[in-house]
Amino acid sequence: MIEIRDLYKTYGSGGAEVHALAGVDLDVAAGEVLMLMGPSGSGKTTLLSVMGCILRATSGSVKIEGREVARMAENKLPEVRLKHFGFIFQGFNLFPALTARENVELALKLKGLKGTRAKAEAAALLEQVGLADKLNAFPSDLSGGQKQRVAIARALAGEPPIVLADEPTAALDSQSGLTVMEILTGLARKRGRAVVVVTHDNRVLQYADRIVRIADGRVVDEEDRERAA
Amino acid sequence: MFKLAWKNLFHDRVRLAVTLVGIVFALVLILVQFGLFLSFLDTSANIVERSGADLWITAPKVPYVNGGPPLSEANRWKALAVEGVERVDRYILAWVPWKLKSGAIESVQVVGYNLDSGLGGPWNVVAGSVEDLRGEDTVMVDEIYKDLLGVTHIGQVFEISNRRARIVGFTRGIRSFTTAPFVFCSFKNAQNYGAGNLREDQAVYLLVKGKAGIALEALRAAVQAKVPELDVLTNAEMHGRTQTHWVFATGAGITTLMGAVLGLIVGVVVVAQTIYAATVDHIREFGTLKAMGASNGRIYEVILAQAAISGGMGYAVAIAIAAFIARGSEGGNAPIALPPEVAAGTLLLALAMCMGASVISIRKATRIDPAMVFRG
Ligand SMILES: Nc1ncnc2c1ncn2[C@@H]1O[C@H](COP(=O)(O)OP(=O)(O)O)[C@@H](O)[C@H]1O
Ligand SMILES: [Mg+2]
């Protein structure tokens with residue numbers, strides 16, 4: 001699904017260089033739930049951004065479903081993101097002027113779905129994250145956990161093969177954090193989506209198929225786990 | 001994307017209100033000033049426009065229709081001798097004092113024309129008849145100036161240059177560009193009123209009517225050849241000269257045009273500011289859209305749609321206000337013209353103004369780095 005080889009990412013130049021990624025090799029298999037752990041500043045967000053074609057690597061190779069994206073022209077990247085990825089952010093990043101349903105619809109429309117189909121599909125997705133009764137609620141009326149569930153529905157909209165999440169539970173209390181992780185990983189498994197989650201939260205590790213630890217821009221440890229179920 | 005634009009706009013109602021006030025203010029200013037300008041263009045030379053004459057013979061270099069030294073009637077005979085000339089009428093336009101019942105004096109412009117041809121005479125007569133102007137000391141004025149001239153009804157008698165002036169009718173909508181109203185009467189009466197200080201055998205202008213189907217330029221050249229020391233202008237040329245004098249040389253028209261341009265500048269600045277502020281406020285959303293895979297084009301759609309919606313709504317309010325002002329100004333001395341072409345043109349202008357004001361916002365949006373979405 002994703003093949004990363006000898007990946008380097010350097011921010012800045014001259015004396016102010018920061019080597020955020022310094023030779024990362026990593027594979028993400030279709031349908032697996034992979035958790036990225038590591039101390040703050042170790043390069044987790046950078047790795048996720050490069051993987052998600054949001055940030056360009058300094059050197060190395062990134063293949064998404066066999067296609068090399070590391071050398072791709074900047075203006076081709078949005079299309080790759082649109083086709084392959086759903087994103088979940090620590091700060092939710094919902095559109096405050098849109099209802100829960102409209103937030104999901106927007107993602108579906110970006111992916112080419114039209115009017116009533118997008119509307120019905122958005123409602124179905126929200127139902128799956130347990131928000132059937134919040135279709136017309138605005139983000140400001142939702143709790144943090146509910147917002148992140150809307151974000152999960154949005155990330156799954158249009159069936160992207162890979163969902164990338166950067167500390168999706170960091171802004172939530174631990175109970176809603178667990179619920180969110182359970183919903184995210186459960187839905188991804190059911191739909192055969194790969195999920196890469198950056199997290200600090202040891203309690204959510206139970207939902208992982210594999211845990212990758214990074215430090216100083218390098219993978220330092222990989223651990224396969226038995227599936228919870 | 002249109003939906004997002006629409007919802008974002010209405011999400012922040014205060015900003016929308018500020019934007020709309022700015023747009024409405026700018027558009028009303030533009031419409032009123034431009035409307036004034038149009039009516040200046042119209043009233044400044046309305047007498048010439050409606051004269052019905054083909055050619056005007058004037059003293060050399062007379063800048064506009066309301067002036068000029070006397071011409072000898074001998075020139076009339078010279079012009080009449082030209083092949084293709086149907087008739088040549090003597091004509092007067094000159095300032096004279098009008099005495100109200102109260103004894104106060106108002107300056108008026110007496111228009112003395114040939115009743116037989118009607119060239120340069122009044123139009124839109126709504127009371128009385130031009131035939132009544134054949135009577136001795138009879139005049140006709142416009143309704144608009146009733147108050148100014150102290151006139152209430154037909155049959156009233158006033159004094160022009162210490163001679164009787166009896167009201168025999170009213171016109172409607174014949175405005176004077178200056179503060180001095182037009183007073184229509186026969187050429188003979190105008191002469192009696194001392195208009196232009198003419199001797200018996202003089203005129204201020206000669207109005208030429210060509211035979212049907214005659215080529216205007218050839219006729220002008222032929223008449224000019226007969227009176228080489230005078231100016232011979234087509235009606236259009238006289239119209240243009242008069243318009244140019246009043247609207248541009250006096251600065252009145254430039255002032256209104258500047259007002260309209262000022263409105264445009266105010267509009268662009270206000271709209272650019274509020275749209276830019278809105279873009280900055282929504283920067284995280286635009287970043288999220290980009291991260292989700294939206295191209296720059298989709299982001300521009302949102303910004304431009306916001307601008308277009310604002311422009312359209314502002315226009316709807318502005319045109320209503322402008323129509324109201326225009327209606328209210330109809331009876332006054334400074335009417336505001338609001339023809340459909342201007343109304344339609346202003347809509348395009350409003351949209352262009354708002355879209356143009358979005359340019360800096362679009363540049364800002366182009367530079368948004370989608371990687372921002374993962375940062376705090
Ligand atoms: N845009 C940037 N410019 C410069 N340095 C950056 C930028 N983003 C991250 N870094 C640096 O790169 C390193 C890795 O950052 P990051 O990937 O955010 O780590 P993590 O997500 O593991 O905390 C850190 O030292 C950080 O300061
Ligand atoms: Mg991070």
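Mentor: Start with Glu102(A). Buried or exposed? Glu102(A) has a relative accessible area of 10%, so it is buried. The cut-off for that word is under 20%. This is a predicted model, so read each value as computed from it.

Now look at the partners of Glu102(A). Lys7(B) makes a salt bridge with Glu102(A), with the closest N and O atoms 2.7 Å apart. That pair crosses between chains: Lys7(B) sits in helix α1 (residues 2-11) of chain B, and Glu102(A) sits in helix α3 of chain A. Lys7(B) has a relative accessibility of 23%, so it counts as partly exposed. Lys3(B) also reaches Glu102(A). Their side chains meet in a salt bridge, at 3.6 Å from N to O.

Step back to the whole contact between the chains. How many salt bridges are there between chain A and chain B? The count is two. Polar contacts between chain A and chain B come to five residue pairs, with both residues at pLDDT 80 or more. On the side of chain A that touches chain B, the elements giving two or more residues are α1 (44-51), α2 (77-84), β6 (85-88) and α3 (100-110) of chain A. Of these, α3(A) gives the most, with five residues. By class, that side of chain A has 15 nonpolar, three polar and five charged residues.

Now the extent of the contact. Chain A brings 23 residues to it and chain B brings 20. Between them, chain A and chain B bury about 2,100 Å². Carbon and sulfur atoms give 69% of that area.

Next, go inside chain B. Which parts does the domain assignment give? Domain 1 of chain B covers 2-43 + 251-374, and domain 2 covers 60-229. Taken over C-alpha atoms, the centres of domain 1 and domain 2 of chain B are 48 Å apart. Their contact takes nine residues from domain 1 of chain B and five residues from domain 2 of chain B. The area buried between domain 1 and domain 2 of chain B is about 570 Å². Carbon and sulfur atoms give 53% of that area. On the domain 1 side, Phe40(B), Thr43(B) and Asn333(B) lose the most area to domain 2 of chain B. Together these residues make up 66% of what that side buries.

What about charge pairing between the two domains? The salt bridge count between domain 1 and domain 2 of chain B is zero. Across that interface, one residue pair is in polar contact, with both residues at pLDDT 80 or more. The side of domain 1 of chain B that touches domain 2 divides into three nonpolar, five polar and one charged residue.

Thr19(B) is worth a stop. Thr19(B) lies in helix α2 (residues 13-44) of chain B. Its relative accessibility is 5%, so Thr19(B) counts as buried. Leaving out residues up to four places away in sequence, Thr19(B) touches Thr274(B) and Ser310(B).

Back to salt bridges, now within chain B. The side chains of Arg134(B) and Asp116(B) meet in one, at 3.1 Å from N to O. Why does this pair tie together separate parts of the sequence? Arg134(B) is in the loop between β5 (125-128) and β6 (138-142) of chain B, while Asp116(B) is in the loop between β4 (105-113) and β5, so the pair links parts 18 residues apart in sequence. Arg134(B), at 46% relative accessibility, counts as partly exposed. Asp116(B), at 58%, counts as exposed.

A second pair in chain B is Arg172(B) with Glu143(B). Their side chains form a salt bridge at 2.8 Å, N to O. Arg172(B) is in the loop between β8 (163-171) and β9 (182-186) of chain B, and Glu143(B) is in the loop between β6 and α5 (146-149), so this pair ties together parts 29 residues apart in sequence. Arg172(B) counts as partly exposed at 45% relative accessibility. Glu143(B) is partly exposed too, with a relative accessible area of 26%.

Chain A has a linked group. Arg213(A), Asp221(A), Glu223(A) and Arg225(A) are joined in a network of salt bridges. Over all chains, the salt bridge count comes to 30.

Terms used. Residues are numbered from 1 along each chain as its sequence is written. Chains are lettered from A and ligands numbered from 1 in the order in which they are written. This is a predicted model: local features need pLDDT of at least 70, side-chain atom pairs count only at pLDDT 80 or more; totals for chains, interfaces and linings use all residues. Side-chain values use heavy atoms; hydrogens and water are left out. Helices (H or I, at least four residues) and strands (E, at least two) are DSSP runs, numbered from the N terminus. Buried means under 20% relative accessible area, exposed over 50%, partly exposed in between (1.4 Å probe, protein chains only). Contact means heavy atoms within 4.5 Å. Domain bounds come from an automatic or database domain assignment. Buried area is the accessible area (1.4 Å probe) that two parts lose on being put together, summed over both. A salt bridge is a side-chain nitrogen of Lys or Arg within 4 Å of a carboxyl oxygen of Asp or Glu. A polar contact is a pair of N or O atoms within 3.5 Å; within protein, one must be able to donate a hydrogen and the other to accept it, and residues adjacent in sequence count only if both atoms are side-chain atoms. Ala, Val, Leu, Ile, Met, Phe, Trp, Tyr, Cys and Pro count as nonpolar, Asp, Glu, Lys and Arg as charged, and the others, Gly among them, as polar.
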